[in-house]
Amino acid sequence: MLGILLNDKECRELDYVLRKELDEMLLDLNDSRLDRDIKQSITKRYKIIFRMYARFASPKELSRYALSNKTYR
């Protein structure tokens, strides 16, 4: 396990970057042009980024990014 110290401004920036990445992956998961294998890879990465975001976000914000099985079908 690694640790990192961030000041308030860096923490807000990381929060922003993670949210934007989650938004982009959600768009990709809803793209009907992508095949199942690609969506599975995106979903695996999404779960990792989501766990990172969960360390910064409030439960209300987290619920916005919670995946459902219907998201990428």
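Is Glu24, at 45% relative accessibility, to be counted as buried, partly exposed or exposed? In this predicted model, Glu24 counts as partly exposed, because its relative accessibility is 45%, and the class of partly exposed residues lies between the limits of under 20% for buried and over 50% for exposed.

Glu24 is found in helix H1, which covers residues 8-29. Although Glu24 and Tyr46 are 22 residues apart along the chain, their C-alpha atoms are separated by 9.8 Å.

## The stacked pair

The structure holds two aromatic pairs. One of them joins Tyr46 and Phe50, whose ring centres are 6.4 Å apart and whose planes stand at 15°, so this pair is stacked, given that planes under 30 degrees apart count as stacked.

Both residues belong to helix H2, residues 36-54, and because Tyr46 and Phe50 are four residues apart there, about one helical turn separates them. Tyr46 has a relative accessibility of 1% and therefore counts as buried.

## The edge-to-face pair

Tyr53 and Tyr65 also form an aromatic pair, and here the arrangement is edge-to-face, with 5.5 Å from centre to centre and 85° between the planes.

How values were computed: Residues numbered from 1 in each chain as written. Predicted model: local features only at pLDDT ≥ 70, side-chain atom pairs only at ≥ 80, totals over all residues. Heavy atoms only, no water. Phe/Tyr/Trp six-rings, centres within 6.5 Å; stacked < 30°, edge-to-face > 60°. Helix = DSSP H or I, 4+ residues; strand = E, 2+ residues; numbered from the N terminus. Buried < 20%, exposed > 50% of the residue type's maximum accessible area, 1.4 Å probe, protein only.
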